Amino acid sequence: GWFPVFGEGAGVGGRLWHLALPAVALALSVMALVVKLTRAAMINALEQDYITFARARGVSYGETLMKYALRNALIPVVTAAGLILAYTLTGAVLVEVTFALPGIGSALVSAVNFKDIPMVQGIAIMLATIIVVVNLVTDVAYLLVDPRIRYGGERL
């Protein structure tokens, strides 16, 4: 009885209260993947020579961890961000239906049940567009995470 298990609630506070369990359900499903990817990338980054050299120069462990290792470890995590978003959108359909929330997932399920082909096509195109835009943002985020990555290459 701590959280409501279905419905959308009334008012801003009620809606946020009703979204607590669906948000936890979506977050837990992808959190393990993000933690596993980050951990594996950090282990790989901490084994590199530049970390050893930074520690030998007297850079503190925390600074080495945050400034050198984490920055290089974020590249595979950013790469997986597009896939994680696609998984979250797919999971959102199931979460909306499970928790009886109105949304795109519920609209998609009802459109499929009523054989509303234009609605199914519209939602599919919208979701595909969102995924394409997120992949574009992911590619641009590479430059923010690691400025050494350039798409045009260097001129000799």
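Modeller: Let us begin with a definition: helices and strands are DSSP runs, numbered from the N terminus. Please keep in mind that this is a predicted model.

Biologist: Which pattern does the protein chain follow along the sequence?

Modeller: The pattern is α-α-α-α-α-α. The secondary structure comes to 6 helices and 0 strands.

Biologist: How is the overall form of the protein chain described, and what is its radius of gyration?

Modeller: The radius of gyration is 21 Å, whereas a compact globule of 156 residues would have one near 15 Å. The C-alpha trace spans about 65 × 45 × 25 Å along its principal axes. Buried residues make up 22% of the 156 residues.

Biologist: Among contacts with a separation of 6 or more, what share comes from residues 24 or more positions apart?

Modeller: That share is 54% in the protein chain.

Biologist: How may one check the length of a helix, taking α2 as the example?

Modeller: The expected span is 1.5 Å times one less than the number of residues. Helix α2 covers residues 20–46, so its 27 residues should span 39 Å, and the distance of 36 Å between its end C-alpha atoms agrees with this.

Biologist: Where in α2 is the kink centred?

Modeller: The kink, of about 30°, is centred on Val30. Val30 is also one of the buried residues of α2, together with Pro22, Ala41, Met42 and Ala45. The cover over the buried residues of α2 includes α1 (11–18), α3 (49–56) and α4.

Biologist: Is Gly82 buried or exposed?

Modeller: A residue is buried when its relative accessible area is under 20%. Gly82 has 4% relative accessibility and therefore counts as buried. Gly82 belongs to helix α4, which runs over residues 61–98. Beyond its neighbours within four places in sequence, Gly82 is in contact with Val134, Asn135 and Thr138. The C-alpha atoms of Gly82 and Thr138 are 6.7 Å apart, although 56 residues separate the two in sequence.

Biologist: Which backbone atom lies 2.5 Å from a polar atom of the side chain of Glu96?

Modeller: That atom is the backbone nitrogen of Gly105. Glu96 also lies in helix α4, and its relative accessibility of 15% is why Glu96 counts as buried. Leaving out residues up to four places away, Glu96 touches Leu101, Gly103, Ile104, Gly105 and Ser106.

Biologist: What is the relative accessible area of Ala128?

Modeller: The value is 39%, so Ala128 is partly exposed. Ala128 is found in helix α6.

Terms used:
Residues numbered from 1 in each chain as written. Predicted model: local features only at pLDDT ≥ 70, side-chain atom pairs only at ≥ 80, totals over all residues. Heavy atoms only, no water. Helix = DSSP H or I, 4+ residues; strand = E, 2+ residues; numbered from the N terminus. Buried < 20%, exposed > 50% of the residue type's maximum accessible area, 1.4 Å probe, protein only. Contact = heavy atoms within 4.5 Å. Polar contact = N/O pair within 3.5 Å; in protein donor to acceptor, adjacent residues only side chain to side chain. Bend = angle between axes of the 7 residues up to and from the residue. Rg over C-alpha atoms; globule rule 2.2 N^0.38 Å.
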